[in-house]
Amino acid sequence: MRRALTLLRSLRARFLLAVGLLALVAMAAAVALVVGISAATRDIDTAAAAHRRVELLGALSARVSDYAVLLLQALAPAATAPQGGGADVAGTRLDSARVQVERAFVDLDGALRAEIDRTPDADGKTMVATRSIVLARMRARFQSLDRQVQPLVFGHAGDPAADAGRLRAMLDTFATSFAPLLAELIDEERRTSSLAQTETKSLRGRLTMLGVAAVCAVLLLAGFVYLGIVRPVATRAAAVARAVGDIGAGRFDTRLAIGGRDELSLLMLSVNRMASRLARREARVDADRARLTEIIEANTADLRAANRALEETDTARRRFFADVSHELRTPLTVILGEADVTLRAAQNPEPVYRAALTTIRQRGRRLRRRVEDLLRVARSESGQIELADADFDVARMVSEAVEDVSALARAAGVRLEATLPHSGCTAHGDADWLRQVVAGVLENAVRHSPPGGTVGVLARAGGDTIAVTVVDEGPGIAAEVLPHVFERFYRGGDSAERGLGYGIGLSLAKWIVDQHHGAVEIESPARPDGSQAGTGTDGAQSVSSGEAGLGARPPGTRVTLRLPAVRPADPSVMVMGGQA
């Protein structure tokens with residue numbers, strides 16, 4: 001007995017009891033619902049089948065009437081025109097009417113057989129079988145009428161008027177015996193449908209009462225479960241939740257008042273024990289935290305140094321990939337442009353192909369040189385680019401740069417005008433890198449020039465300086481963008497919106513020119529007299545004089561590269577290299 005009381009005090013037993021009662025109510029309601037739905041479905045099917053049979057009886061009546069009308073029409077011409085016009089009517093339409101009547105009988109017979117199979121009780125089967133007997137009698141009367149009228153319709157002897165009279169008498173006799181049977185079947189089917197509808201309404205009332213009773217039972221059971229089980233458990237669970245929240249907030253002196261011997265009481269006891277253990281552990285954690293803080297502070301300096309080294313490495317990596325993308329683009333553009341221009345014609349003579357392949361080979365070799373230089377930069381911890389140290393002809397270097405960009409200019413519909421001296425333009429340094437710089441400036445000028453425009457390039461020596469000037473007919477550089485064009489990755493103004501701009505190219509070009517102790521100047525818009533202020537390599541505003549030989553052209557951008565000239569009597573020696 002004591003064990004049973006202890007079991008009843010258990011929350012598990014209480015919840016199982018509540019769940020069991022709810023399950024019983026739900027099962028009873030489900031069973032009642034299934035039984036009700038089955039009965040309602042059966043009644044609805046009965047009513048629908050009766051209605052369907054009424055429709056079939058109506059169709060049978062209509063088809064029999066059509067058959068009788070056709071019989072009268074078949075004999076009417078024979079009575080007025082003895083030539084035998086009634087036989088023609090009988091041969092074309094009467095057979096079809098007879099088939100329709102027989103089909104109506106077959107449909108009705110099939111519907112009655114289906115009702116017999118569907119009816120579960122023996123009395124219902126007997127009632128439906130009685131209707132089948134009535135239907136068989138109606139079919140027999142129709143077949144008897146059909147046999148009697150055949151000699152009248154298809155025979156050629158006798159008086160047509162007398163035949164018509166006999167036919168009417170036969171039809172009256174048939175109607176006298178057929179109509180009551182038809183009316184009887186229709187009345188039976190209507191009674192069946194009415195009874196099914198009455199049963200459906202009665203069932204609906206019973207189901208409604210059952211549903212109200214089930215709702216009341218569920219409400220009573222829910223009230224019992226809430227007041228006897230849920231509310232006490234919820235109150236104690238809320239106390240446990242508040243205690244756990246206090247413990248989570250660090251108030252380890254929280255304790256719960258335990259009452260009872262159920263599972264929740266055991267949980268409250270466990271919470272109290274947990275609070276005691278956490279209080280003891282907090283003291284140990286505080287001591288460990290103090291020691292950990294000392295260790296972290298000791299290692300923070302090393303971590304910061306490592307982080308700075310990683311940031312510098314990442315910055316060098318991004319710069320290297322940016323330089324690679326820019327430096328490889330121009331040679332590849334020349335190679336592809338040369339191939340496209342050569343292949344554009346259907347047939348070219350062999351010298352054209354040889355010239356194109358020669359150009360592609362030259363650009364391929366220069367591209368390999370750039371790749372090797374960039375790989376050396378990647379392998380170098382200092383990030384330095386080693387520049388060649390030799391005298392070179394600036395005019396020839398500019399001519400090669402113009403040749404590099406010629407394919408791109410032809411594709412863009414831009415004309416290149418080069419004004420180069422025959423001698424006296426000797427500089428010292430890396431001609432290949434400077435050619436790349438001039439080619440990059442020309443490529444920017446071609447991209448920013450409209451189709452049909454002209455890009456001019458002029459190289460001349462003046463005193464101790466050799467100036468290489470490139471002028472385009474593009475929209476120019478906005479005033480607020482001009483001071484920033486030498487900044488790495490800077491893209492601003494309308495050029496950035498159109499996906500154009502100088503980007504990393506001018507930054508790398510400025511670095512190369514600076515290594516040759518030269519300067520880069522940009523003037524935009526470029527006036528013919530050169531009086532517009534521009535931007536020098538140090539970002540300050542500078543003014544350059546007009547460049548003779550370029551002539552008057554629309555406002556655009558003028559880029560001037562200034563390099564120290566080498567005197568024949570006193571060639572200078574430059575030390576190349578520096579931070580990329």
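**Salt bridges and cores**

Arg396 counts as exposed, at 58% relative accessibility (exposed is over 50% relative accessible area, buried under 20%, partly exposed in between, with a 1.4 Å probe and protein chains only). The model is predicted: local features need pLDDT of at least 70, side-chain atom pairs count only at pLDDT 80 or more, and totals for chains, interfaces and linings use all residues. Residues are numbered from 1 along each chain as its sequence is written, and side-chain values use heavy atoms, with hydrogens and water left out.

Arg396 forms a salt bridge with Glu400; their closest N and O atoms are 3.7 Å apart. A salt bridge here is a side-chain nitrogen of Lys or Arg within 4 Å of a carboxyl oxygen of Asp or Glu. The two residues are 4 apart in helix H8 (residues 394-412), about one helical turn. Helices (H or I, at least four residues) and strands (E, at least two) are DSSP runs, numbered from the N terminus. Glu400 is partly exposed, at 22%.

The whole structure holds 23 salt bridges. Another one joins Arg191 to Glu188, with the closest N and O atoms 2.2 Å apart. This pair sits in helix H5 (residues 160-248), 3 residues apart, again about one helical turn. Arg191 is partly exposed, at 44% relative accessibility.

Glu115 and Arg53 also form a salt bridge, at 3.3 Å between the closest N and O atoms. Glu115 lies in helix H3 (residues 85-118) and Arg53 in helix H2 (residues 11-80), so the pair ties together parts 62 residues apart in sequence. Both residues are buried. A network of salt bridges links Arg53, Glu115, Arg118, Arg131, Glu188, Glu189 and Arg191.

The largest nonpolar core has 43 residues. Such a core is a set of buried Ala, Val, Leu, Ile, Met, Phe, Trp, Tyr and Cys residues joined through side-chain atoms within 4.5 Å. Val394, Val398, Leu442, Val468, Ile522 and Leu561 have the most contacts inside the largest core. Elements giving two or more residues to this core include H8, helix H9 (431-448) and strand E5 (465-471). H9 gives the most, with 9 residues. Another core, of 35 residues, lies apart from the largest one; among its members are Tyr67, Ala74, Phe105 and Ile186. In soluble globular proteins, nonpolar side chains tend to be buried together.
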